[in-house]
Amino acid sequence: MSNKELQALKERYVAAGAASPNEQFADHATNAELWDADGKRMIDFAGGIGVLNIGHRHPKVVEAVKAQLDKLMHTCQTVMPYEGYVKLAQKLSEVVPVKGHAKVMLANSGAEALENAMKIARAATGKTNVICFDGGYHGRTFYTMAMNGKAAPYQTDFGPMPGTVYRAPYPVPYHGVSEEEALRGLKMAMKADSPARNTAAIVIEPVLGEGGFYAAPTSFLKEIRKICDENDILMVVDEVQSGFGRTGKMFAIEHSGIEPDIMTMAKSMADGMPISAIVGTDKIMDSSGPNSLGGTYTGSPTACAAALAVFDVFKEEDILGKSQALGEKLKQRFSQWQEQFEHVDNVRNLGPMAAFELVESKQSRTPKPELAAAVTKKAKEKGLILLSCGMYGNTLRFLMPVTIEDEVLEEGLAIVEESLKEVGA
């Protein structure tokens, strides 16, 4: 079917709140390129929102999933477990930098991972509250919507959010929130809203995802670790978007050397297959009762096979080395654009988790979201998928596969540059 025919079906049958505004429909893809239903080629700088760090349909992942399909598709691991679940749990336990020996629960999505992390934190501490941060994004279930540090579009029209969720500032000096101010806000939240005796966890993204690709300073993360240790609070690190090689290390928290109590992950964990994980110190993970954690499809055999293949690819193809090299290329190109374009500012990256802002002027730093929207629209017309994000909608973020070929990367960056010129940046 053509894009036009599929669009007609979408308008008739897909709920408006779930329908993509994009009128192109993906037909097939490989690595950093995809083709729509009309055969138009697109370069992918979005990676399914950070899901495809090793590219669309990596051959080793496809092979692993096909082989698993010939053996077993589903039993529900709580009814009859299988090898893939326990082998993946072992692999995650060995690589995730939590405090002490790690145990694992597998789930289906990032939001489900965060929901379960909060259940586990409550069970482990006997406390109920959670403190999150401005700009954070944790999901679209009711509790994770409440945890999000940005109301629209996630909470819109859905009524009162669950209680026991409190918020603190995230350090973004470019927008006037210093690390000192963020720490003061966190301590004030614990004085005014959620005292330590009621706070089960402090949840933070080491690099904000939807919130704008701002990395938390190591000193700030260390202070959170200290606050948690002194007050019997669990430090929960959300690596759903920043994990699996996005920042040049397997997990972004590794740049700081800090060991959290619980980590959540998903997205590029299985190169497109739906899976997520909650990994934490064994005593914490074992704190809830029998059959208290789970779900019908959690840690499905096919998704586990894909995730195990992803680990093999990381080792065999030096994905972390490629990630660091890609980050350097983006850093250099973005710095050139900041000098070249009047409205491009605050270029930043942690590895290839890279972004820049579009502003009225470098002096005012006033966000210009309409310019970001114009650039993404122009890029799409030229055959490039590009995403904006941030509290003000003025950040362009880059999530192309780490495995992107040099010539495809250059072609895509050239489109961004042309688009910036043509919309008057």
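**Strand pairing, burial and backbone in a predicted model**

Q: In which sense do strand β5 (residues 129–133) and β7 pair?
A: In this predicted model, β5 and β7 are joined over 3 bridges. One of the residue pairs is V130 with A201, its bridge partner in β7. The sense of the β5–β7 pairing is parallel.

Q: Over how many bridges do strand β4 (residues 102–107) and β10 pair?
A: The pairing of β4 with β10 is antiparallel. Within it, L106 stands opposite A277 in β10. The number of bridges between β4 and β10 is 6.

Q: Which residue in β10 is the bridge partner of T264?
A: Strand β9 (residues 262–265) and β10 pair in the antiparallel sense, over 4 bridges. T264 falls in β9, and its partner in β10 is I278.

Q: Which strands stand at the edges of the open sheet of 4 strands?
A: The strand order in this sheet is β1-β2-β3-β13, with mixed pairing. An edge strand here has a single partner, so one side of it is left without a neighbour in the sheet. The strands in that position are β1 (26–30) and β13 (384–385).

Q: Which residue in β3 is the bridge partner of E33?
A: Strand β2 (residues 33–36) pairs with strand β3 (residues 41–44) in the antiparallel sense, over 3 bridges. E33 lies in β2, and its bridge partner in β3 is I43.

Q: What is the phi of N31?
A: N31 lies in the loop between β1 and β2. N31 counts as buried, at 12% relative accessibility. Although N31 is not a glycine, its phi is positive, at about 50°.

Q: Is F244 buried or exposed?
A: F244 is placed in the loop between β8 and β9. F244 is not a glycine, yet it has a positive phi of about 55°. With a relative accessibility of 1%, F244 counts as buried.

Q: What separates the C-alpha atoms of R57 and T30?
A: R57 sits in the loop between α2 (47–50) and α3 (59–69), and at 52% relative accessibility it counts as exposed. Beyond neighbours within four places in sequence, R57 is in contact with A29, T30, V62 and D271. R57 and T30 are 27 residues apart along the chain, and their C-alpha atoms are separated by 5.8 Å.

Q: With which residues is H58 in contact, leaving aside neighbours within four places in sequence?
A: H58 is in the loop between α2 and α3. At 8% relative accessibility, H58 counts as buried. The contacts of H58 are D271, V313 and E317.

Q: What is the radius of gyration of the chain?
A: The chain contains 13 helices and 15 strands. The globule rule gives 22 Å for 425 residues, and the value for the chain is close to this, so the chain is as compact as a globular protein of that length. The radius of gyration is 21 Å.

Q: What share of the residues of the chain count as buried?
A: The C-alpha trace spans about 55 × 55 × 45 Å along its principal axes. The accessible surface comes to about 18,200 Å², and 52% of it belongs to carbon and sulfur atoms. Of the 425 residues, the buried share is 53%.

Terms used:
Residues are numbered from 1 along each chain as its sequence is written. This is a predicted model: local features need pLDDT of at least 70, side-chain atom pairs count only at pLDDT 80 or more; totals for chains, interfaces and linings use all residues. Side-chain values use heavy atoms; hydrogens and water are left out. Helices (H or I, at least four residues) and strands (E, at least two) are DSSP runs, numbered from the N terminus. The radius of gyration is taken over C-alpha atoms; the globule rule is 2.2 Å times the number of residues to the power 0.38. Buried means under 20% relative accessible area, exposed over 50%, partly exposed in between (1.4 Å probe, protein chains only). Accessible areas come from the Shrake-Rupley method with a 1.4 Å probe; for residues, only the protein chains shown count as cover. Two strands pair if DSSP finds at least two bridges between them. Contact means heavy atoms within 4.5 Å.
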